[in-house]
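Here's a quick briefing to read with the model open beside you. Have a look at the fold before going through the points.

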Amino acid sequence: RSTRRAVHEDLEENVIDTADIKISPSGRKVRAHRVKIGDKVRSGIDDSSINTVVDIDTPSIEDRKMVAFNDNWAFVSEEHPIMTNKGWAGFNSNSRHIELEFIGKLAQIEIGDQILKSDGTWETVESIRMYSRTPDFTIYNLMLDGDHTYIVEDVVVHNKKSCLAYS
């Protein structure tokens, strides 16, 4: 049996509304919609660092897809930066929703790439599934101080800034 599976699109199953975000210093997980300004989140890069939530952006997903990889549920939008063996990457590096600092710099996540987990190990991407949501579906983007990274569903991600690029 091959470990490389096809990319699937437009499946609504396995998508739930909010992800678990690791809150410091206890390491407990909190649903994204319950995170508040002033909460402390564990850095994704430096386990001993803490970042503070300074704002929360809650845009509608519009034409973006939610993405699941391997046996994970779809907790990230297609353009959200995730730390990989290629550096910061997204599942759609050509999305019109990529934040300004990543335009032309965000690598494409593909089958075989590795994603950094919160425990410092790497998970190889064996499957990718893209899920459509209704255009008014709310996504949660934390604005942080510090190194602008945090943990979502045990995966290291970069925070989104409120300034999005639209073509």
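This is a predicted model: local features need pLDDT of at least 70, side-chain atom pairs count only at pLDDT 80 or more; totals for chains, interfaces and linings use all residues.

The largest nonpolar core has 24 residues, and a search of the whole structure turns up 3 aromatic pairs. There's also an open sheet of 3 strands and a hairpin made by E15 and E16.

**The three-stranded sheet**

- The strand order in this open sheet is E4-E5-E14, and the pairing is antiparallel.
- E4 (40-42) and E14 (141-144) sit at the edges with a single partner strand each, so one side of each has no neighbour in the sheet.
- On average, neighbouring strands here are turned by 60 degrees against each other, ignoring direction.
- E4 is joined to E5 (residues 50-57) by 3 bridges, with the two running antiparallel.
- Across that pairing, Val-41 stands opposite Asn-51 in E5.

**The E15-E16 hairpin**

- E15 (residues 149-152) and E16 (residues 155-158) run antiparallel and are joined by 4 bridges.
- The two strands form a hairpin with 2 residues between them, and Glu-153 in the turn has a positive phi of about 50 degrees.
- Val-152 stands opposite Val-155 in E16.
- Which residues of E15 point which way? Thr-149 and Ile-151 go one way, Tyr-150 and Val-152 go the other, and all are buried.

**Nonpolar cores**

- In soluble globular proteins, nonpolar side chains tend to be buried together.
- Within the largest core, of 24 residues, Ile-82, Phe-91 and Ile-115 have the most contacts.
- The elements giving two or more residues to this core are E6 (66-69), E13 (128-131), E14, E15 and E16.
- Apart from it lies another core, of 8 residues, with Met-83, Trp-88, Leu-116 and Ile-151 among them.
- Leaving out residues up to four places away in sequence, the residues that Ile-115 touches include Ile-82, Phe-91, Ile-109, Val-125 and Val-155. Its contacts also include Thr-84, Thr-121 and Glu-123.

**Aromatics**

- Phe-69, Trp-73, Phe-75 and Phe-91 form one aromatic cluster.
- How are the rings of Trp-73 and Phe-75 placed? Their centres are 6.0 Å apart and their planes are at 65 degrees, so the pair is edge-to-face.
- Both Trp-73 and Phe-75 are buried.

**Buried polar residues**

- Glu-123 is in strand E12 (residues 122-124). Its relative accessibility is 18%, so Glu-123 counts as buried.
- The Glu-123 side chain has polar contacts with the side chains of Asn-70, at 2.8 Å, and Lys-117, at 3.1 Å.
- Beyond its neighbours within four places in sequence, Glu-123 is in contact with Phe-69, Asn-70, Asn-72, Asp-113, Gln-114, Ile-115 and Lys-117.
- Glu-123 and Val-155 are 32 residues apart along the chain, and their C-alpha atoms are separated by 9.3 Å.
- Asp-113 is in the loop between E10 and E11 (114-116). At 7% relative accessibility, Asp-113 counts as buried.
- The side chain of Asp-113 makes a polar contact of 2.9 Å with the side chain of Lys-86.
- Setting aside neighbours within four places in sequence, Asp-113 is in contact with Asn-85, Lys-86, Gln-108, Glu-123, Thr-124 and Val-125.
- Ser-93 is in the loop between E9 (87-90) and E10 (107-108). Is Ser-93 buried or exposed? Ser-93 is buried, because its relative accessible area of 19% falls under the 20% cut-off.
- The side chains of Ser-93 and Gln-108 make a polar contact at 2.8 Å.
- Not counting residues up to four places away in sequence, Ser-93 touches Ile-98, Leu-106, Ala-107 and Gln-108.

**Positive phi in loops**

- Glu-62 has phi near 55 degrees, which is positive in a residue other than glycine. Glu-62 is found in the loop between E5 and E6 and is partly exposed at 34% relative accessibility.
- His-148 isn't a glycine either, yet has a positive phi of about 65 degrees. His-148 lies in the loop between E14 and E15 and counts as partly exposed, at 24% relative accessibility.

Definitions and conventions. Residues are numbered from 1 along each chain as its sequence is written. Side-chain values use heavy atoms; hydrogens and water are left out. Two strands pair if DSSP finds at least two bridges between them. Axes are lines fitted to C-alpha atoms, for helices over the stretch in contact, and angles run from 0 to 180 degrees between N-to-C directions. Buried means under 20% relative accessible area, exposed over 50%, partly exposed in between (1.4 Å probe, protein chains only). A nonpolar core is a set of buried Ala, Val, Leu, Ile, Met, Phe, Trp, Tyr and Cys residues joined through side-chain atoms within 4.5 Å. Contact means heavy atoms within 4.5 Å. A polar contact is a pair of N or O atoms within 3.5 Å; within protein, one must be able to donate a hydrogen and the other to accept it, and residues adjacent in sequence count only if both atoms are side-chain atoms. Rings of Phe, Tyr and Trp (its six-membered ring) pair if their centres lie within 6.5 Å; planes under 30 degrees apart count as stacked, over 60 as edge-to-face and the rest as tilted.
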